[in-house]
Amino acid sequence: MNNINYGRTIKQLLAYFKLFKFRTALALLLVLVSSAVSVASATFLRLLIDDFITPLLGDQHPVFDALFQALAILAVIYAAGVLSTFISKRLMITISQLIMKRIRDHLFAHMQKLPIKYFDRKEHGDIMSHYTNDVDTLNMMLTDGLPQLLSTVVTVIVVLGTMLYLDVPLTIVVVLGALVMLWITKKVGGKRHTTFSSSRNLSAH
């Protein structure tokens, strides 16, 4: 089994992002804005129904000015979310492509310095896999995985804060239920893995 120094790998990867500090910071900021907008829009919908639409239902002479203003605010919120998502995606694609070019250039430059015996010991397919499959996987992680991870973390934090603001006891119940589900999933997954490994060993014999 190969011993991979994940800390060193992440440090080397972050060094590439330092070459594009402004665009990376802007992309991350827009991801945060997009996540916050997605939660804010859902919360605003509740306020829109409770404070603007429901009171008009029992009014014989409803005035829709406040409702129209609220709808305009909601439209601005959605537009900000769409725009921030679009720009952040474009920025991350651009940054990832620039980083991929530098990584490929460094790979080919490093390959020129390797001794001949290295290529004699390694399979050609393994070497090409590093230059194609591994780099493409890294590209997918930079383009989609990293922004999605950040967006998920921010969304969970904002949603949890909103739930605590609205109803603390219900939030505790939901969090405890989620922890129980995770524990059950881990236990069931571990048993399935053990059963699958045992059956595979039996079939091998």
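Trainee: Is Pro147 buried or exposed?
Mentor: Pro147 counts as buried, because its relative accessibility is 9% and the cut-off for buried is under 20%. Bear in mind that this is a predicted model.

Trainee: Where is Pro147 placed?
Mentor: Pro147 is in helix 5.

Trainee: And what does Pro147 touch, leaving out residues up to four places away in sequence?
Mentor: With those left out, Pro147 touches Val31, Met92, Met141 and Leu142. There is also a C-alpha separation to note: Pro147 and Ala27 are 120 residues apart along the chain, and their C-alpha atoms are separated by 8.6 Å.

Trainee: Which residues line the second largest pocket?
Mentor: The lining consists of Ile10, Leu13, Leu14, Phe17, Leu28, Met141, Leu142 and Leu146. Met141 and Leu142 are also among the residues that Pro147 touches.

Trainee: Which helices supply at least two residues each to that lining?
Mentor: Helix 1, residues 6–17, and helix 5 do. Helix 1 has the largest share, with four residues.

Trainee: What volume does the second largest pocket have?
Mentor: About 150 Å³.

Trainee: Let me step back to the fold. How many helices and strands does the protein have?
Mentor: There are six helices and zero strands. Along the sequence the pattern reads α-α-α-α-α-α.

Trainee: What share of the contacts in the protein between residues at least 6 apart in sequence joins residues at least 24 apart?
Mentor: Of the contacts between residues at least 6 apart, 77% join residues at least 24 apart.

Trainee: How much of the protein counts as buried?
Mentor: Of its 205 residues, 20% count as buried. The accessible surface comes to about 15500 Å², and carbon and sulfur atoms account for 69% of that.

Trainee: On to the surface, then. Which residues form the nonpolar patch?
Mentor: The patch is formed by Leu160, Leu164, Val168, Ile172, Val175, Leu176, Leu179 and Leu182, and together they have about 700 Å² of accessible area. The elements giving two or more residues to the patch are helix 5, residues 124–166, and helix 6, residues 168–204.

Trainee: Which helix gives the largest share of the patch?
Mentor: Helix 6, with six residues.

Trainee: Take Leu160 from that list. Where does Leu160 lie, and why does it count as partly exposed?
Mentor: Leu160 lies in helix 5. It counts as partly exposed because its relative accessibility is 37%, and that class runs between the 20% limit for buried and the 50% limit for exposed.

Trainee: What about Thr171: buried or exposed?
Mentor: Thr171 is buried, at 3% relative accessibility. Thr171 is found in helix 6. Not counting residues up to four places away in sequence, Thr171 touches Leu160, Met163 and Leu164.

Trainee: New topic. How many salt bridges does the structure hold?
Mentor: One. Asp105 pairs with Lys101, and the closest N and O atoms are 3.0 Å apart.

Trainee: Where do Asp105 and Lys101 lie?
Mentor: Both are in helix 3, residues 65–113. They are four residues apart, which is about one turn of the helix.

Trainee: Are the two partners buried or exposed?
Mentor: Asp105 is partly exposed, with a relative accessible area of 38%. Lys101 is exposed, at 53%, since the cut-off for exposed is over 50%.

Trainee: One last residue. Where does Val33 lie?
Mentor: Val33 lies in helix 2, residues 21–57. At 33% relative accessibility, Val33 counts as partly exposed.

Trainee: And what separates the C-alpha atoms of Val33 and Gly81?
Mentor: A distance of 7.1 Å, for two residues that are 48 residues apart along the chain.

Note on methods
Residues are numbered from 1 along each chain as its sequence is written. This is a predicted model: local features need pLDDT of at least 70, side-chain atom pairs count only at pLDDT 80 or more; totals for chains, interfaces and linings use all residues. Side-chain values use heavy atoms; hydrogens and water are left out. Patches are made of residues with over 30% relative accessible area and no salt bridge: like charges are joined within 9 Å, nonpolar side chains (Val, Leu, Ile, Met, Phe, Trp, Tyr) within 5 Å. Accessible areas come from the Shrake-Rupley method with a 1.4 Å probe; for residues, only the protein chains shown count as cover. A salt bridge is a side-chain nitrogen of Lys or Arg within 4 Å of a carboxyl oxygen of Asp or Glu. Buried means under 20% relative accessible area, exposed over 50%, partly exposed in between (1.4 Å probe, protein chains only). Contact means heavy atoms within 4.5 Å. On a 1 Å grid over the protein atoms alone, a cavity is a set of points where a 1.4 Å probe fits but cannot get out, and a pocket is an open set with protein on both sides within 12 Å along at least five of seven lines; lining residues have an atom within 4 Å of a point. Grid points are joined across faces, edges and corners, and a volume is the space filled by probe spheres set on the points.
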